[in-house]
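Q: Could you walk me through how a pair of helices packs in this one? I'd like to keep the structure open while we talk.

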Amino acid sequence: MPKGEQALHLQFLALAWEETARRQKRPYTEQLEIILNGLLQTISKTVWGVYQGKILLQRRWLKTRRLHLIEQFMLARFAII
């Protein structure tokens with residue numbers, strides 16, 4: 001399986017695991033860790049930053065990159081958590 005496809009499959013699994021964790025009412029820190037591990041499959045660590053104790057993506061990077069649908073779902077979950 002090509003690397004890009006494998007990364008998307010792993011992201012989908014992370015999204016499913018996070019949904020299970022959410023329904024089981026696991027701590028937000030555990031849910032956040034699942035989402036971040038999924039996002040790091042396709043988003044480089046270099047575009048992440050910490051601002052006032054919060055983990056954020058660089059705006060410049062978000063404006064220049066097309067996101068896959070699974071990435072968009074995961075970023076939405078990330079924002080909710």
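A: One convention before we start: helices are DSSP runs of H or I with at least four residues, numbered from the N terminus. Please also keep in mind that this is a predicted model.

Q: Switching to the packing, at what angle do α2 and α4 cross?
A: The axes of α2, residues 28–39, and α4 cross at roughly 150° and come within 10 Å of each other. Therefore α2 is roughly antiparallel to α4, and the crossing is left-handed.

Q: Which residues meet there?
A: From α2, Leu32, Ile35, Leu36, Gly38 and Leu39 are in contact with Glu71, Met74, Leu75, Arg77 and Phe78 of α4. Sorted by class, that contact holds seven nonpolar, one polar and two charged residues.

Q: Which α2 residues are buried?
A: Those are Gln31, Ile34, Ile35, Leu36, Gly38 and Leu39.

Q: Last one: what span should α2 have?
A: With 12 residues at 1.5 Å a residue, α2 should span 16 Å, and this agrees with its end C-alpha atoms, which are 16 Å apart.

Technical notes: Residues numbered from 1 in each chain as written. Predicted model: local features only at pLDDT ≥ 70, side-chain atom pairs only at ≥ 80, totals over all residues. Heavy atoms only, no water. Axes fitted to C-alpha atoms, helices over the stretch in contact; angles between N-to-C directions. Helix = DSSP H or I, 4+ residues; strand = E, 2+ residues; numbered from the N terminus. Parallel < 35°, antiparallel > 145°, perpendicular 65-115°, else oblique. Left-handed = near helix turned anticlockwise from the far one by under 90°. Contact = heavy atoms within 4.5 Å. Nonpolar A, V, L, I, M, F, W, Y, C, P; charged D, E, K, R; others polar. Expected span 1.5 Å × (residues − 1). Buried < 20%, exposed > 50% of the residue type's maximum accessible area, 1.4 Å probe, protein only.
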